[in-house]
Amino acid sequence: EPRFAQFKLVLLGESAVGKSSIVHRFVTDSFDDLRESTIGAAFLTQTIQLDERTTIKFEIWDTAGQERYKSLAPMYYRNANCALVAYDITQESSLDRAKSWIQELQKQASADIVVALVGNKLDLEAERKVSTKEAKEYADELGLIFKEISAKTGEGIKDVFHSIASKLPVE
Ligand code: GTP
Ligand code: MG
């Protein structure tokens, strides 16, 4: 028999790592080179077919990464079932910021939250500053999903949302 479940997903990460671009690639399969920085947060939904009988609806809170919005984040992650924490593979500092979001989630979010660490802008391989190994070892230690993706080309985007969905509890 068919199964349907919906889950709240929160996107976290430093400003300009590409959170909004990731969610727009996932929801509308498009990319905008001139995307404006998010104000407050944005809400989007997307439904995927996980397997022949399982449909998953994501209710997505795309948070604003600018420092001045930091205090709003708990409103969005508090009752989230899953979190996508993004960094930019060309900005070393963005991985540090991602790690501090992950720490905060581990302290403040639901104990069974499914967390994915994603390195975005994989199309900018020539400008890479964060090695795959460094980020993957960190993610593996904490039992997080880990992917490198590109919102620009779409590489790895569906894959990461499917990986998250497959770890969520569907009755
Ligand atoms: P805030 O809303 O301020 O937190 O930023 P954000 O994380 O939502 O970043 P956003 O999606 O607005 O992207 C920031 C910039 O990076 C934009 O100019 C995007 O076009 C660009 N960008 C996003 N993803 C990619 C990517 O995969 N590759 C490349 N080359 N550029 C990207
Ligand atoms: Mg944004």
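Begin with helix α4, residues 132-142, where D140 and K136 sit four residues apart, about one turn of the helix. The model on screen is a predicted one. Show the two side chains: D140 and K136 meet in a salt bridge, with 2.7 Å from N to O.

Next, select E125, R128 and E148. Salt bridges with shared partners join these three residues into one network. For one of its links, look at R128 and E125, whose side chains form a salt bridge of 2.8 Å, N to O. R128 is partly exposed, with a relative accessible area of 22%. E125 is also partly exposed, at 42% relative accessibility.

Move to the strands and select E59 and K8. Their side chains meet in a salt bridge, 3.2 Å from N to O. Which parts does this pair tie together? E59 belongs to strand β3 (residues 54-63) and K8 to strand β1, so the bridge links parts that are 51 residues apart in sequence. E59 counts as buried because its relative accessibility is 17%, under the 20% limit. K8, with a relative accessible area of 30%, is partly exposed. The salt bridge count for the model comes to eleven.

Now go to helix α3, residues 92-108, and select R97. Beyond its neighbours within four places in sequence, R97 is in contact with E14 and K70.

Then select ligand 1 and the residues around it. There are 23 of these, and S15, K19, S21, S37 and G65 come nearest.

- S20: a backbone N or O atom lies 2.9 Å from an oxygen atom of ligand 1.
- K121: a polar side-chain atom is 3.1 Å from an oxygen atom of ligand 1.
- S150: a polar side-chain atom is 3.4 Å from an oxygen atom of ligand 1.

Ligand 1 taken alone exposes 660 Å², and the protein buries 90% of that.

The last stop is the backbone. Most residues other than glycine have a negative phi. Select A16, in the loop between β1 (3-12) and α1 (19-28). A16 is not a glycine, yet its phi is positive, about 75°. Is A16 buried or exposed? A16 counts as exposed, because its relative accessibility is 58% and the limit is over 50%.

Finish at D29, in the loop between α1 and β2 (41-51). D29 is not a glycine either, and has a positive phi of about 50°. With a relative accessible area of 57%, D29 is exposed.

Conventions:
Residues are numbered from 1 along each chain as its sequence is written. Chains are lettered from A and ligands numbered from 1 in the order in which they are written. This is a predicted model: local features need pLDDT of at least 70, side-chain atom pairs count only at pLDDT 80 or more; totals for chains, interfaces and linings use all residues. Side-chain values use heavy atoms; hydrogens and water are left out. Helices (H or I, at least four residues) and strands (E, at least two) are DSSP runs, numbered from the N terminus. Contact means heavy atoms within 4.5 Å. A residue is near a molecule or strand if one of its heavy atoms lies within 4 Å of it. A polar contact is a pair of N or O atoms within 3.5 Å; within protein, one must be able to donate a hydrogen and the other to accept it, and residues adjacent in sequence count only if both atoms are side-chain atoms. Accessible areas come from the Shrake-Rupley method with a 1.4 Å probe; for residues, only the protein chains shown count as cover. Buried means under 20% relative accessible area, exposed over 50%, partly exposed in between (1.4 Å probe, protein chains only). A salt bridge is a side-chain nitrogen of Lys or Arg within 4 Å of a carboxyl oxygen of Asp or Glu.
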